[in-house]
Amino acid sequence: MDLAPPLLPRRRAAIIWIVIYALVIAGPVLLVRLTQPHQGHQGFLQDLSNNLALAGFAILVLQFVMAARIPRLESPFGLDYLLRFHRAMGLLAVLMLLAHPIMLAWGTGRWWLLTRLAVPWPVELGRLALLALVVTVITAVWRQALRLEYQRWRRWHGRLVVFMLVLAFVHSLVLGVGGRGRGDLAPWPLRAVWIALAACALGVYVYHRWFHRFYHRKILHTVTSVKQESRDVWTLTFAPVLPVGRRVHSPGQFHYLTILSPHVPREEHPFSISSSPAAGEGLASTIKIVGDFTALIPKIKPGDRAYIRGPFGRFSYLVASPDKPLVLIAGGVGITPLMSMLRHLRDTRSRRSALLVFVNRSEEDIIFREELAAMEALDHPQVRVVHVLSRPSVDWRGPRGRLNRSFLIELLRGQVLEKDYYVCGPPAMAEAIILLLREIGVPPPNIHSEQFSY
Ligand SMILES: Cc1cc2nc3c(=O)[nH]c(=O)nc-3n(C[C@H](O)[C@H](O)[C@H](O)COP(=O)(O)OP(=O)(O)OC[C@H]3O[C@@H](n4cnc5c(N)ncnc54)[C@H](O)[C@@H]3O)c2cc1C
């Protein structure tokens, strides 16, 4: 029985969200200009400054919405795409909001806004908000270069953005209404829109941060098994405590896991789902030890509880064409979403063919080896597995070294086009493979990739 639902039709839902997004950004500016036409005559620079502030604040509000992992919003785009967009819009908002005081000082000749230390308190709040925004963006974009540990950075990112939004809201409302009630935000409908925008951002933040407390019963799972796959890779399998409410995943998607065990910190981490949604097997994630949190995975015991949020992402062979042969290329633990796809092909006795190129360091690092060999013996689906090792033992008879152009073309038997390619692995390896695929002539829409890092 095939339980995997097709992912939401992308184009229509995406267009609706893009229109809503554009309307929210342009809405306040349009409302001000339509309801107060006289405001458009304060001089070009002053008007531009106000428009930048109005649109910049709306972008900040939407940043909260995009980071909240709302399933209906995430589904047409994929979470990695949304987070990349979130990052780009954060940069744009900083530029717009930095330009706001400069344009204002320039347009009105009030340079003291930029130069004087002692300024009226609403202006002071604006300065602080801008400072908080700049710090937020710098620490987000250069987190790794600044050596900020992910969980600590995430906690401070959350606090800083709320602090910044509250300051920016008070600053804009007080100055927007204006001393004699003649500012852009003076009419009550505009004030109502402004308050609604800020309330929306904070509401979404509360939903995101405290979601577990409201919905915990729906997303609560029990660990049913803990299996060691290799020296440093473990598979955890889960069953929902209440057999209702969970969305069935599509093979290749991922979820967020929070383990409730005294041995493991209560942190949320993303992991691909390695199990197939067909045949009713448990929900599994296969996890490699790479840092503080994953090092504690072996301490988890059957019977421990976990919150699981998801599924997320669009990395699934169900998204693209329904019948093209598949080429799956995995590096190390990057096999996990591809394993879910292969298991789903097997469980649904699919007639599609799949070539799996599985790159590892050594024989000991190969996980799922027997299961993959058993799949190769099936008539449907037709699966071919090629193991490539970068540092094999002297006894290894298979391909060794890196995947290169000529070897890849040989594996594809010269037939590069009319295939769907799925690549997953460490970011450097995935990027190198994508480049290689483009070099040998694979059309970009046929290349799908997931990287285990945002
Ligand atoms: C979409 C996706 C799917 C993934 N699927 C798998 C999988 O199937 N198997 C697997 O072993 N790993 C997977 N990962 C990677 C996994 O999330 C990280 O290895 C894990 O979170 C590292 O945590 P740590 O504390 O042990 O290591 P750390 O040393 O703390 O982190 C290593 C790096 O992982 C990233 N990271 C850490 N915590 C988080 C977090 N809470 N959210 C997002 N990124 C974080 C950061 O970039 C960090 O620099 C996936 C990641 C993503 C984004």
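This is a predicted model: local features need pLDDT of at least 70, side-chain atom pairs count only at pLDDT 80 or more; totals for chains, interfaces and linings use all residues.
A residue is counted as near a molecule when its C-beta atom, placed from the backbone, lies within 6 Å of that molecule.

**The ligand**

Select the ligand together with its surroundings. The shell comprises 22 residues, of which S272, G291, F293, T294 and T336 are the closest. Strand 4 and strand 5 are the elements that give two or more residues to this shell. Strand 4 contributes the most, with five residues. Colouring the shell by class shows 10 nonpolar, eight polar and four charged residues.

**Domains**

Next, colour the protein chain by its domain assignment: domain 1 covers 10-216, domain 2 covers 232-312 and domain 3 covers 326-451. The centres of domain 1 and domain 2, taken over C-alpha atoms, are separated by 35 Å.

Now display the open sheet of six strands, which has the order 4-3-6-1-2-5 and antiparallel pairing. Its edge strands are strand 4 (268-272) and strand 5 (283-288), each of which pairs on one side only. From one strand to the next, the twist averages 40°.

Select strand 3 (residues 254-260) with strand 6 (residues 305-312); the two run antiparallel and are joined by six bridges. Within this pair, Y256 stands opposite R309 of strand 6, and L257 stands opposite I308 of strand 6.

The peptide bond leading from G310 to P311 is cis, with omega near 5°.

**Helix 9**

Proceed to helix 9 (residues 335-347). Is this helix enclosed by the rest of the structure or open? Of its 13 residues, 13 are buried, so helix 9 is largely enclosed by the rest of the structure. A distance check between the end C-alpha atoms of helix 9 gives 18 Å, which agrees with the 18 Å that its 13 residues should span at 1.5 Å a residue.

Select R349 next, in the loop between helix 9 and strand 8. R349 has a positive phi of about 50° although it is not a glycine. Most residues other than glycine have a negative phi, and most peptide bonds are trans. R349 is exposed, because 12 other C-beta atoms lie within 10 Å and a residue with 12 or fewer is classed as exposed.

Turn to the open sheet formed by five strands in the order 9-8-7-10-11, with parallel pairing. Strand 9 (382-389) and strand 11 (447-451) stand at its edges; each has a single partner strand, so one side of each is left without a neighbour in the sheet. Neighbouring strands of this sheet are turned by 15° against each other on average, direction ignored.

Select strand 8 (residues 353-360) and strand 9, which pair in the parallel sense over eight bridges. In this pair, L355 has R384 of strand 9 as its bridge partner.

**Two loop positions**

Select P381 in the loop between helix 10 (369-376) and strand 9. H380 and P381 are joined by a cis peptide bond, with omega about 0°.

Finish at E418, in the loop between helix 11 (405-411) and strand 10 (420-425). Although E418 is not a glycine, its phi is positive, about 55°. E418 counts as exposed, with 11 C-beta neighbours inside 10 Å.

Note on methods
Residues are numbered from 1 along each chain as its sequence is written. Two strands pair if DSSP finds at least two bridges between them. Helices (H or I, at least four residues) and strands (E, at least two) are DSSP runs, numbered from the N terminus. Axes are lines fitted to C-alpha atoms, for helices over the stretch in contact, and angles run from 0 to 180 degrees between N-to-C directions. Domain bounds come from an automatic or database domain assignment. Ala, Val, Leu, Ile, Met, Phe, Trp, Tyr, Cys and Pro count as nonpolar, Asp, Glu, Lys and Arg as charged, and the others, Gly among them, as polar. The expected span of a helix is 1.5 Å times one less than its number of residues. A residue is buried if 20 or more other C-beta atoms lie within 10 Å of its own, exposed if 12 or fewer, and partly exposed in between; C-beta atoms are placed from the backbone.
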